[in-house]
Amino acid sequence: MQRLFLPLLILVAAMFAYAPLAIANAPFESTMLLVQKIFYFHVPSWFVMFSGAFLCAGASVVYLAKGSKNADHYAVTGAELAVVFGLMGLITGPLWARKAWGVWWEWDVKLTLALVVWLTFVAYLLLRRYGGPGSEKLAAGVGIFGAANIPFVYYSVNWWRTIHPKTTVVPTLGPGMRGTFWFCVLAFMLLMVLIIAARVRLERQRARVDELFLELED
Amino acid sequence: MRRVRSVWRVLLVWLLLAAGPVWHAAVDAQQPPPRPKPAEDEFVPIDQLPSGEQLPAAPLLIAAYAVAWLAVAGYLFSIWRRLDRVDRDIAEAGRRLPRT
């Protein structure tokens with residue numbers, strides 16, 4: 001991964017630099033017009049949020065089952081991704097809603113569940129930061145329950161009556177929009193891979209520092 | 001005679017009291033009926049709203065992309081700073097460890 005890191009970083013930077021041009025050239029949606037273009041960053045940010053949440057939950061299960069420190073590093077990384085990209089989604093969504101719905105926020109099932117999941121991962125990070133020794137296991141439980149809510153967030157628009165657009169929006173995108181959308185998703189996913197690599201390295205280095213200082217004390 | 005005068009007085013008061021509502025009704029009938037508010041009447045297409053009522057999309061779009069870029073840049077910067085700090089800690093611990 002270390003050898004791939006720099007080329008991947010350059011590729012992701014180029015993709016993010018090109019993304020605004022691709023979005024500007026994408027056709028306008030007939031009813032929402034310009035403000036619909038927020039969608040090209042809003043939805044991928046939630047894709048990364050969900051991926052981070054599932055990474056956190058999967059790694060937490062491995063950590064609880066085997067006590068693997070490496071799995072714990074991935075769990076923290078996933079939770080941090082979920083919080084950062086979830087925040088991005090929670091800010092870009094209301095900016096779209098202000099124009100599309102006329103309000104910044106609605107206590108709709110989808111929005112409320114998304115906020116609850118995001119707060120769960122904020123709680124995970126707070127627990128890791130201030131929970132003291134042994135908080136890793138408790139946080140792992142929080143991470144698993146946080147990710148268990150994701151299907152409810154995703155399918156809530158199909159199961160309950162909400163004002164949020166349904167999950168059928170992405171599969172029914174027009175040809176000009178589809179390419180731009182998946183280009184943005186790919187850019188976000190590659191960025192996520194880069195962040196995971198860097199963030200897991202940070203956790204490993206921190207563990208190394210702890211080991212070195214323990215050696216010094218001995 | 002006094003009785004006739006009192007009947008006339010009552011009739012006059014009654015006429016004055018009755019004249020008020022009749023005069024109001026006559027004035028109201030001359031005024032055009034109030035225009036129903038657009039929401040009660042029909043929906044107004046968004047492009048026909050007065051400019052003061054329309055919400056521009058561009059600032060919202062720019063704000064959304066600015067938030068996304070700043071969040072990514074800020075997060076990457078924070079990882080880079082934390083990695084830099086931990087690398088310095090490792091170097092310092094390595095210096096302090098006795099060489100075997």
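Among contacts in chain A between residues at least 6 apart in sequence, what percentage join residues at least 24 apart? From there, please take me into the largest nonpolar core and show which residues and elements build it.

Author: This is a predicted model, and in its chain A 75% of the contacts between residues at least 6 apart in sequence join residues at least 24 apart. Chain A contains seven helices and zero strands, its C-alpha trace spans about 70 × 40 × 25 Å along the principal axes, and 37% of its 218 residues are buried.

Turning to the core, the largest nonpolar one holds 61 residues, of which A:Ala53, A:Cys56 and A:Ala82 touch the most other members. Two or more residues come from each of α1 (2-25), α2 (39-66), α3 (69-100), α4 (109-130), α5 (135-148), α6 (150-159) and α7 (175-217) of chain A, and also from α3 (58-96) of chain B. If residues up to four places away in sequence are left aside, A:Cys56 touches A:Ala75, A:Gly78, A:Ala79 and A:Ala82, as well as A:Gly143 and A:Ala147.

As for the boundary between the chains, 29 residues of chain A are in contact with 24 residues of chain B. On the chain A side, α2, α3 and α7 each supply at least two residues, and α7(A) gives the most, with 13 residues. That side of chain A comprises 18 nonpolar, three polar and eight charged residues.

Definitions and conventions
Residues numbered from 1 in each chain as written. Chains lettered and ligands numbered in written order. Predicted model: local features only at pLDDT ≥ 70, side-chain atom pairs only at ≥ 80, totals over all residues. Core = buried A, V, L, I, M, F, W, Y, C linked by C-beta atoms within 7 Å. Buried ≥ 20, exposed ≤ 12 C-beta atoms within 10 Å, placed from the backbone. Helix = DSSP H or I, 4+ residues; strand = E, 2+ residues; numbered from the N terminus. Contact = placed C-beta atoms within 7 Å. Nonpolar A, V, L, I, M, F, W, Y, C, P; charged D, E, K, R; others polar.
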